[in-house]
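Today I'm going through a model strand by strand and jotting down what I look up.

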Amino acid sequence: MIPRITIGTDPEIIFTDQKGKLLNASSYLNKNDKFGLDGHAWIAELRPDHAVYPRDLVENIRKVLSLQADRLKNLMWLSGPWLKNKPMGGHLHFGVRLEPRFVEALDNQLGFLLALSEPEEGAKMRRTQKFQGSHDDHPYGVLSNIRPKDSYGGFEYRTPASYLASPGIALATITVAKAIIVEEVEKGKMAWSQL
């Protein structure tokens with residue numbers, strides 16, 4: 001039986017006008033709303049409810065996006081690793097106690113894959129440039145970037161960039177991440193720690 005491990009996320013996006021001018025997200029959103037701000041005035045953050053199944057999490061993302069769809073329909077909503085000199089995360093949250101083997105598995109089975117699939121220049125900038133205003137002492141999105149989350153007894157994997165280019169890309173990213181963690185928890189034959 002597969003354990004009922006939850007997965008959550010807080011992906012980020014930016015807004016531009018129709019001509020590509022970056023817009024201040026804080027002019028449109030409230031900081032702590034489900035479709036709010038990430039702590040930086042230019043970057044919006046989604047806070048969907050976590051889920052056990054990746055498809056449900058993607059549906060929860062859709063619901064959060066729909067909260068502002070009518071009001072912000074004339075803006076361009078953009079995601080990726082680095083746009084308009086802003087790094088954007090697609091952080092993943094796992095409802096399981098952090099173990100070093102989980103981070104190693106995510107780095108080697110997901111982190112490298114995502115870095116190779118992202119736009120090259122943006123991926124490079126995000127992982128080499130320290131973002132002004134960041135509280136981290138390293139660039140955004142490097143491998144092994146995690147935060148334990150005592151509030152739900154799990155951890156946040158901060159390596160992925162924002163993956164909201166399409167529902168399919170979001171579903172693929174979340175599904176692979178969940179599969180990696182489940183395989184590690186189960187110590188399955190495809191677990192990175194067993195290879």
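Which residue in strand 6 is the bridge partner of phenylalanine 15? I looked it up, and the partner is tryptophan 77.

**Ground rules**

I'm working with a predicted model, where local features need pLDDT of at least 70, side-chain atom pairs count only at pLDDT 80 or more, and totals for chains, interfaces and linings use all residues. Residues are numbered from 1 along each chain as its sequence is written, and side-chain values use heavy atoms, with hydrogens and water left out.

My helices (H or I, at least four residues) and strands (E, at least two) are DSSP runs, numbered from the N terminus. I call two strands paired if DSSP finds at least two bridges between them.

**Entry 1: strand 2 and its partners**

I started with strand 2, residues 12-16. Three bridges join strand 2 to strand 6 (residues 76-78), and the two run antiparallel. Strand 2 is also joined by two bridges to strand 5 (residues 44-46), again antiparallel. There I found glutamate 12 standing opposite glutamate 45.

I then followed the chain from strand 2 into strand 3: they form a hairpin with five residues between them. In that turn, glycine 20 has a positive phi of about 95 degrees.

Is strand 2 buried or exposed? For this I used relative accessible area: buried is under 20%, exposed is over 50%, and partly exposed is in between (1.4 Å probe, protein chains only). Five of the five residues of strand 2 are buried, so it is largely enclosed by the rest of the structure. I checked both faces, and they are covered: Glu12, Ile14 and Thr16 sit on one side, Ile13 and Phe15 on the other.

**Entry 2: threonine 16**

I zoomed in on threonine 16, which counts as buried because its relative accessibility is 3%. Threonine 16 stands opposite leucine 22 in strand 3. Next I listed its contacts (heavy atoms within 4.5 Å). Leaving aside neighbours within four places in sequence, threonine 16 touches residues including Lys21, Leu75, Met76 and Lys84.

What is the order of the strands in the open sheet of four? I read it as 1-9-11-10, with antiparallel pairing. Strand 1 (7-9) and strand 10 (146-149) are the edges, since each pairs on one side only. From one strand to the next, the twist averages 25 degrees. Axes here are lines fitted to C-alpha atoms, for helices over the stretch in contact, and angles run from 0 to 180 degrees between N-to-C directions.

I noted that helix 2 (residues 100-117) packs on this sheet, touching strand 9, strand 10 and strand 11 (154-157). Its direction makes about 30 degrees with that of strand 11.

Then I went through the pairs:

- Three bridges join strand 1 to strand 9 (residues 92-94), and threonine 9 stands opposite leucine 92.
- Strand 9 and strand 11 are joined by three bridges, with phenylalanine 94 partnered by phenylalanine 155.
- Strand 10 and strand 11 have four bridges, and isoleucine 146 is partnered by tyrosine 157.

Strand 11 is covered on both faces: Gly154 and Glu156 on one side, Phe155 and Tyr157 on the other, all buried. The hairpin of strand 10 and strand 11 has four residues between the strands, and glycine 153 takes a positive phi near 70 degrees.

A reminder to myself: most residues other than glycine have a negative phi. Asparagine 85 has a positive one, near 65 degrees. I found asparagine 85 in the loop between strand 7 (82-83) and strand 8 (86-87), and it is exposed at 52%. Serine 144 also has a positive phi, near 65 degrees. Serine 144 lies in the loop between helix 3 (120-128) and strand 10, and it is partly exposed at 40%.

Last, I looked at serine 26, in the loop between strand 3 (22-23) and strand 4 (35-37). Serine 26 counts as partly exposed because its relative accessibility is 33%. How many residues separate serine 26 and methionine 190 in sequence? I got 164, and 44 Å in space, C-alpha to C-alpha.

I also looked at leucine 195, in the segment after helix 4 (167-186). Leucine 195 is exposed, with a relative accessible area of 63%.
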